[in-house]
Structure formats: C-alpha cells, structure tokens
Amino acid sequence: MEGFAEVTEELINEYLSFFGKNHVFSDAERTLLNRNWTRLMVRKNEQVVAEGAKALFWVEKGMLRIGMKDSRREGPERVCGFAVPHDLVCMDWFLQAQGVVWNVYAEQDAVLWRLSGEVVPVLSDKVVLWDKIMTRWYAHYVKRLWMRNCYLCEANVVKRYRRMMEWEGKRLQAVSLKHLASYLNMAPQTLSRIRKGEDGGKP
C-alpha cells in the first residue's frame, strides 16, 4: 500500500463488492477516513489492543490473533480468531460482555493501518458511516464465528482439524501450533499427533 487513500478505497471497494454498488460513500466520508489512518509496524507477539479498547485496524501484512479471557474463571486466554492481510479488525462495544476481556496480538510481524483513537468515537457518532464500516466487518465476523462453531461441535478431533484445514487451512497456514490448538479447543500435543498421523482416532 502506498498511503492512506489506498487503504480507504480498499475498505470501500470491499464493502461495495459485498453489499452492492447502490451503497454510496460521500466525499466527506472519504475525507474523514483519509485524514485519520496511521500506519503501524508491530512485532510478533506484541499486544495491539488491550482489554477490548475501542479500535479499528486494517491489516496490510502479517497476521493478528484475537484472544478472549473470562476474568471470572481461572484459566488461559483462548484464541477465538485471526486476521490476515486485507482483513478489517474492529473492537467495538458490542463485543464486550461482563467478565469477558478481549485482546489482540501480532501472530506474526505485521503492518497495520489504524484509525486514530480520536476519530473512532467521531465515526460512532456519524451513524451512517459507522454502520457502513461495521456492517461489512460484522458480516465477515459472523461467517468466521459460524465456521469455528462448526469445528468445535465436532467431537472427533481429527474431523475437527480436517474441517478447519478444508475451510481455513490456507488462510491460517502460518499460525503457530499452540495458538491453532487453542483456536480448535484441543491440547497442542493432540494437534501435533494429528499432524503427524499418530492420533489413532477414526476419521
């Protein structure tokens, strides 16, 4: 990407391809977005969003990991999603639930475009523009949440892994074994055995 204008157009074009050309972004909306992109370079495992802080990112390179932790219970943070190049990542208030904390990390070294913290509340007040962005993002979020739920409903861990590989294998090929195991709700040792063909489960 050469600059913020290209990021804005990428966002808008993906929105229009999903929802149709009858949805219009005004020049004022484009200008508001263009003025407020900041390019960030983050290192692997660096925390990008802490405890659900309101933020909006567009991924240029690398990968982000989204983690969720129930603060009311003991236990590790669970991986619930990933973002790859050309994904939009939004942490908004509707994701927040009592006792649940969301964090975002760099799964790999990454280059991101972030809307400044000052403009996100402004966008929220501009209901039409915020709804356009959020509707596009939410459609992708729901699709991926549905896919992960399909994996987790599969009791046979071999089938769970194979379904993930069929649907998301290429997108998630660079994810570490530990984090992919968390995403699939299985132990890293189990995932390692499956990959090596040593699980013994009946596919």
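Select Cys 153. Cys 153 is exposed, with a relative accessible area of 68% (exposed means over 50%, buried under 20%, partly exposed in between; 1.4 Å probe, protein chains only). The disulfide count is 0 (a disulfide needs two cysteine sulfur atoms within 2.5 Å).

This is a predicted model, in which local features need pLDDT of at least 70, side-chain atom pairs count only at pLDDT 80 or more, and totals for chains, interfaces and linings use all residues. Residues are numbered from 1 along each chain as its sequence is written, and side-chain values use heavy atoms, with hydrogens and water left out.

**Zoom out**

Show the whole protein chain as a cartoon. The chain has 7 helices and 8 strands (DSSP runs numbered from the N terminus: helices are H or I with at least four residues, strands E with at least two). Of its 203 residues, 45% are buried. Switch to the surface. The accessible area is about 11000 Å², and carbon and sulfur atoms hold 52% of it (Shrake-Rupley, 1.4 Å probe; for residues, only the protein chains shown count as cover). Among contacts with a separation of 6 or more, 74% join residues 24 or more positions apart (contact: heavy atoms within 4.5 Å).

**Salt bridges**

The whole structure has 6 salt bridges (a side-chain nitrogen of Lys or Arg within 4 Å of a carboxyl oxygen of Asp or Glu). Three of them follow.

Select Glu 60 and Arg 39. Their closest N and O atoms are 3.3 Å apart in a salt bridge. Glu 60 sits in strand E3 (residues 55-61) and Arg 39 in strand E1 (residues 37-42), so this pair links distant parts of the chain, 21 residues apart. Check the cover on each partner. Glu 60 is buried at 10% relative accessible area; Arg 39 is partly exposed at 41%.

Next, select Glu 107 and Arg 65. This salt bridge has its closest N and O atoms 2.7 Å apart. Glu 107 is in the loop between strand E7 (100-106) and strand E8 (110-115), and Arg 65 is in strand E4 (residues 64-70), so the pair ties together parts 42 residues apart in sequence. Both Glu 107 and Arg 65 are buried.

Move to Arg 171 and Asp 87. Their salt bridge has a closest N and O distance of 3.6 Å. The two residues are 84 apart in the chain: Arg 171 lies in the loop between helix H5 (157-168) and helix H6 (177-183), Asp 87 in the loop between strand E5 (78-83) and strand E6 (88-91). Asp 87 is buried, at 10%. Salt bridges with shared partners join Asp 87, Arg 144, Glu 168 and Arg 171 into one network.

**Helix H2**

Select residues 27-34 and look down the axis. Which residues of H2 are buried? Glu 29, Leu 32 and Leu 33. They span an arc of only 95 degrees around the axis, so they share one side of H2 (the arc is taken over directions from the helix axis to the C-beta atoms).

**Two positive phi angles**

Select Asn 45, in the loop between E1 and strand E2 (47-49). Its phi is positive, about 75 degrees, although Asn 45 is not a glycine. Asn 45 is partly exposed, at 45%.

Finish at Asn 185, in the loop between H6 and helix H7 (188-195). Asn 185 is not a glycine either, yet has a positive phi of about 55 degrees. Its 43% relative accessibility makes Asn 185 partly exposed.
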